[in-house]
Amino acid sequence: MEGMVLSLKKKYRVAVAWAQDTNSIGALNKAVKNGVIDAVLIGNTSEIRRTCKILSVDENIFTLVESENEILASSEAVRLVKIGEADIVMKGLVGTDKFLKAVMDKENGLMIPGSVLSYVCAMELPEYDKLLFITDPAVIPFPDLGQKVAMARYAVEMVHKFGIKKPKIALIGASEKPSHHFRYSADYSEMCKMAQEGEIGNCIMDGPLDIFLACDKKSIAIKGINTPVNGEADTALSIT
Amino acid sequence: MGRLILLFPSLESSNPFYKGLVLFAKGEIAGLIMGTEKPVVVMSRSESEISKYFCIVLSCLMVK
């Protein structure tokens, strides 16, 4: 994932809500020092200065904004992004519910009307040769068809940013056999049709697949199952 | 390095999957909320410094 930095073309400004904890300040320090971002730290500024001192981080590399509490700090961070003073909003030591309340505020928040809110995460494993993008491990408990389609589109959009023109998506299940016992089966079959018709974006989709068929080439050979998701062609499709 | 998207049928399956990999297979993660006007970085408060750093870099990639 270190390689992501090389794809960045310009420096962005990050507004951080209640940015007082050591992990946030440590990570922001690394990002500012590497020339990736500028950061506005909103919170209890004397506390922020104290944390900087403990970590031997130069507080002058950040812009500090005083705020009374975590709720006000969250809405201020969102406001800075809303008015274009910052490009990215980040949660510091504030609770997720309070932070997201500011993000999702109908008038002053950052929601796109009608859009699905979802979470995509990238994972790098020391013993696996692919970067895995997992969706959705955090926001939508039981996605319906429309939400699954949105999740797929977001993940495809993210992988495109990594320079892959035609990403592969495995729709994960307990087995490759569709079954009425598994509620995902109907959605998955609909999604594969949509993908073939180009409705999900430029991607190769297959499912249901279990984790082995999706991620392990040897299993494909053993089971004799043919899936376009896993195979030698993967990296050849990438432009990086 | 190749890339592969795994779409899970529910949070009940995806969440233990990724946490299992972080704990037992030393996975490094970077995640992002999608569907907003601008990137929103939300991590668990206990997330490591390096994971938070990767999240910040990922969010920069996603600025429209």
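Local features are taken where pLDDT is at least 70 and side-chain atom pairs where it is 80 or more, whereas totals for chains, interfaces and linings use all residues. Residues are numbered from 1 along each chain as its sequence is written, and chains are lettered from A and ligands numbered from 1 in the order in which they are written.

**Figure 1. Chain A as a whole.** Chain A contains nine helices and eight strands; helices (H or I, at least four residues) and strands (E, at least two) are DSSP runs, numbered from the N terminus. Along the principal axes, its C-alpha atoms fill a box of roughly 65 × 35 × 25 Å. Of the 240 residues in chain A, 45% are buried. A residue is buried if 20 or more other C-beta atoms lie within 10 Å of its own, exposed if 12 or fewer, and partly exposed in between, with C-beta atoms placed from the backbone. Of the contacts in chain A between residues at least 6 apart in sequence, 61% join residues at least 24 apart. Two residues are in contact if their C-beta atoms, placed from the backbone, lie within 7 Å.

**Figure 2. Confidence along chain A.** The average pLDDT of chain A is 91, and 96% of the residues score at least 70; pLDDT is the predictor's confidence in each residue, from 0 to 100. Helix 1 (residues 4-7) of chain A has the lowest confidence, at a mean of 77, and strand 3 (residues 63-66) of chain A the highest, at 98. Over residues 232-240 of chain A, pLDDT stays under 50, and the model has eleven contacts beyond four places in sequence for them. Where pLDDT is low, the predicted coordinates should not be read in detail.

**Figure 3. The contact between chains A and B.** Chain A contributes 78 residues to the contact and chain B contributes 50 residues. On the side of chain A that touches chain B, helix 6 (residues 145-161) of chain A gives the most, with eight residues. That side of chain A is made up of 55 nonpolar, ten polar and 13 charged residues. Ala, Val, Leu, Ile, Met, Phe, Trp, Tyr, Cys and Pro count as nonpolar, Asp, Glu, Lys and Arg as charged, and the others, Gly among them, as polar.

**Figure 4. Strand 1 of chain B beside two strands of chain A.** Strand 6 (residues 130-135) of chain A runs parallel to strand 1 (residues 2-7) of chain B, joined by six bridges; two strands pair if DSSP finds at least two bridges between them. A:Lys130 is opposite B:Gly2, and A:Thr135 has B:Leu7 as its bridge partner. Strand 7 (residues 168-172) of chain A also pairs with strand 1 of chain B in the parallel sense, over three bridges, and here A:Ala170 is partnered by B:Leu6. Five of the six residues of strand 1 of chain B are buried, so this strand is largely enclosed by the rest of the structure.

**Figure 5. Strands 2 and 3 of chain A and the helix linking them.** Strand 2 (residues 37-43) of chain A pairs with strand 3 of chain A in the parallel sense over four bridges, with A:Val65 the bridge partner of A:Ile42. From strand 2 the chain passes through helix 3 (residues 45-55) of chain A to strand 3 in a right-handed β-α-β crossover; right-handed means that, with the strands pointing away from the viewer, the path from the first strand over the helix to the second runs clockwise. A:Ser46 belongs to helix 3 of chain A and is exposed, with 11 other C-beta atoms within 10 Å.

**Figure 6. Helix 4 of chain A and its surroundings.** Helix 4 (residues 70-82) of chain A has 13 residues that should span 18 Å at 1.5 Å a residue, which agrees with the 18 Å between its end C-alpha atoms. The expected span is 1.5 Å times one less than the number of residues. Buried residues of this helix include A:Glu70, A:Ala73 and A:Val81. Among the elements covering the buried residues are strand 2, strand 3 and helix 5 (96-104) of chain A.

**Figure 7. Backbone angles in two loops.** A:Ser56, in the loop between helix 3 and strand 3 of chain A, is not a glycine but has a positive phi of about 55°. Most residues other than glycine have a negative phi, and most peptide bonds are trans.
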